Structure formats: C-alpha cells, structure tokens
Amino acid sequence: MRGHHCITQQNHSSNNTALDSSEKLHAVLIVLYIINLAGGTLGVIMMSQQLFHRRSQSVMTIMIISLLVLHSFMLLSIPFRLSYYILGEWKFGRFACRLASAIIYLHMYATFCCTTAWVGAGWLLGALVVTPVLLSYYGTSKTYLPCECFQFHRELQEAHMVIVNYCLVGVLVAGCAMLTGIQLTVIYRVAMKYWPDVNSHVEFRAQAKSFFFILVTLVCFMPHHVFRVYYIQNYDLDKDHKLLLYNEVFLALATMCCLDMLCFIAGIAH
C-alpha cells in the first residue's frame, strides 16, 4: 500500500503494533469503498434501466428515484475518499475535503427522509437549509493540515458540536424506531386483512417494499450512530486516533446502503 505518510503523521505514535493496526484499518476502508462504489454504481444503473422501461409514477417509484439521485451524488464522492486512503494524502483542496465529507452525512439523513412519505419536504429542507448550513460551518472551527482530510474530530472540542452530534443521533434513532413501529403495524394489519393469500395482493407487496428500505437504514446507519456516541464520550482518551479510524470504518459501512438497489432488484427477480 502506498504512502500513508500524511495519515500516519496524524497518529503521533511510534508503536509498531499501533501502526500495523492503522494500516489494516486503512485497508479495510479501501476494500469497503471499492465494494460500495462498484456495487452501488451497478445497482443505480440497473434500477434506472428498470424504471425507464416501466415508466411507473407511483409513490414507491418517486421514492426510488429520489434514492437513486442521492446514491449517485454519494458515489461520486467515493473516488476522492479512495484516493486519500490509497495515497495517504489529500490533493484536492480544503473545500473539496469538506464537501466530500459532508456528502456522506447529507446522503445519510436525506436517505432517512426518503424512506418516508415526506420525500418532497425532505428534498426542500435539505436543499435550502441543511446543505448551506453544513457547508458553511462543517470543519471550519479548527485548523487542519492541507494534506489531511476527514479528520474533523477536533471539532468535538467545541461544546455546541457535541450537542449537535447528540441531537442528530437522537433524531435518527428515534425516527427509525418510530418508522419501524408504524411500518410493522401497517404490515401486520394488511397481512391480517388478506390472510392467507397476502403475497398475491399489491398493497401488501408495496408495504413490504417500503419496509425493506427502512430496514436498510436500520442495518446501515444505526451501528455508526451507536458507535458515534461511544466515540464522543471517549474522544479525549483516543490518543493514537484508533477510535477515529473505527469511526471511519463504521461510516464506510453506512455507505453500504447504496447496495440496496442491487438487493431490491434481486428480490424482484425472485
């Protein structure tokens, strides 16, 4: 693996074991992002072709189109992350670093909105409020080396940033729990209504598809948010920046939500 001179410089550690562990985590990040980039791109292309041939205008179709757009923007940021972890140095400037970092979080919370009926409101809120605010303040309160990126952990020294992070975690966890409960209740009622031939009814299949996308947000986003609480609480103890790298791994796992289109297509095929 090439370089890592700038990334390794951030570790401030002479311990060979720690450095070896750091190299392994960088390798994990590279593998995860390659899988997400390849699988996500394939899924977007295949789903786009299916939607083009079907020309449906249902609520489910609108939700899927919104997810395709979000996934496409997020996938465009992955090559920049791969470049950083492979070369060990950021070469695209500070604003591009902040943008590439912010895109994943914007994608995460916008995807959460798209799994509900509030697609239009979610897009409007994200475009007019969240995106400008995030790009204006994200990663600007501290000074960082030009060659480093995705190292915004020092922002957690600010009390208001800790509060914002806790609020975001709380909103997503509470929202996912509420949506899961509502969707399971709806599925149960529809199943009881059409039992025993539930699979033959369009209404049940539509509710099952909606729950699939909610399940993706639970599996992909929840681990990152749970770990982020642990990371915030133990930030001061992370002298060798090991927790920072684990946080990046959980973030990479969160981007695996872009594989949902492949899974969805496979489910349709069967």
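I took helices (H or I, at least four residues) and strands (E, at least two) as DSSP runs, numbered from the N terminus.

I noted that this is a predicted model, in which local features need pLDDT of at least 70 and side-chain atom pairs count only at pLDDT 80 or more, while totals for chains, interfaces and linings use all residues. Residues are numbered from 1 along each chain as its sequence is written, and side-chain values use heavy atoms, with hydrogens and water left out.

Entry: overall make-up.
I found nine helices and zero strands in the protein chain. Read from the N terminus, the order of elements is α-α-α-α-α-α-α-α-α. Of the 270 residues in the protein chain, 47% are buried (under 20% relative accessible area; exposed is over 50%, partly exposed in between; 1.4 Å probe, protein chains only). I then looked at contacts (heavy atoms within 4.5 Å). Among those in the protein chain with a separation of 6 or more, 77% join residues 24 or more positions apart.

Entry: H7 and H8.
I looked up the axes, which are lines fitted to C-alpha atoms, for helices over the stretch in contact, with angles from 0 to 180 degrees between N-to-C directions. The axes of H7 (residues 202-233) and H8 (residues 242-254) come within 8 Å and cross at roughly 165°. H7 is therefore roughly antiparallel to H8 (over 145 degrees; under 35 is roughly parallel, 65 to 115 roughly perpendicular, the rest oblique). The crossing of H7 and H8 is left-handed. On the H7 side the contact includes Cys220, Pro223, Phe227 and Tyr231, and on the H8 side Leu243, Tyr246, Phe250 and Ala254 are among the residues. I sorted the residues of this contact into 13 nonpolar, two polar and one charged (nonpolar: Ala, Val, Leu, Ile, Met, Phe, Trp, Tyr, Cys and Pro; charged: Asp, Glu, Lys and Arg; polar: the others, Gly among them).

Entry: two residues of H7.
Is Thr217 buried or exposed? Thr217, in helix H7, counts as buried because its relative accessibility is 2%. I found its side chain 2.5 Å from the backbone oxygen of Ile214.
Ile232 is also found in helix H7 and is buried, at 10% relative accessible area. Which residues does Ile232 touch, leaving aside its neighbours within four places in sequence? I listed Leu156, Val162, Asn165 and Tyr166. Leu156 is 76 residues from Ile232 along the chain, and their C-alpha atoms are separated by 7.2 Å.

Key:
Left-handed = near helix turned anticlockwise from the far one by under 90°. Polar contact = N/O pair within 3.5 Å; in protein donor to acceptor, adjacent residues only side chain to side chain.
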